[in-house]
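Okay, thanks everyone. Let me put the next protein up on the screen, and then I'll walk you through it.

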Amino acid sequence: MKRPDWHHEGGEGRTKVSLDAHRVGDDLVVRLYNDFAHLGAVAVAQFDGESGRVSVSTITLPGHKDDAVAQRAAYLIGKATRKPVCAIAGIHLDDITPEEIGQLTANAEGVV
């Protein structure tokens, strides 16, 4: 895969999140991940110019909980750019705490 058109990082240590974004024609493919990157969930957002609304469809792989991050990223980027967006999320931490879940979620939204 070619180098991303955009790369951002947010947070530090165990809760650091990276975002890579690639242009695909006029559309965007975004990947949110940490040091243990994987395919956890995919969300596709489509902006409707008439209503100004964004619809998002999400697929989550069994046993994964990355759908909230993928869905939120696709929605926010689709709303901001008014373009179709595919967000792929794969963030994993062994023995994650509730505080780390909150920090990861915040860091993911921050890089978006």
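So, helices here are DSSP runs of H or I with at least four residues, strands are runs of E with at least two, and both are numbered from the N terminus. By that count, the protein chain has 2 helices and 6 strands. Going along the sequence, the pattern is β-β-β-β-β-α-β-α.

Quick housekeeping: this is a predicted model, with local features needing pLDDT of at least 70 and side-chain atom pairs pLDDT 80 or more, while totals for chains, interfaces and linings use all residues. Numbering starts from 1 along each chain as its sequence is written, and side-chain values use heavy atoms, leaving out hydrogens and water.

What about the inside? Buried means under 20% relative accessible area with a 1.4 Å probe, protein chains only, and 35% of the 112 residues qualify. A nonpolar core is a set of buried Ala, Val, Leu, Ile, Met, Phe, Trp, Tyr and Cys joined through side-chain atoms within 4.5 Å. The largest one has 24 residues, and Val 17, Leu 19, Val 30, Leu 32, Val 69 and Val 85 touch the most other members. Several elements supply at least two residues each, among them strand S2 (17–24), strand S3 (27–33) and helix H2 (98–111). Helix H1 gives the largest share, 5 residues.

Now take Val 17. Counting contacts as heavy atoms within 4.5 Å, and skipping residues up to four places away in sequence, Val 17 touches residues including Leu 32, Ile 91, Leu 104 and Val 111.

Last one: the C-alpha atoms fill a box of roughly 45 × 25 × 25 Å along the principal axes.

Notes. Buried means under 20% relative accessible area, exposed over 50%, partly exposed in between (1.4 Å probe, protein chains only).
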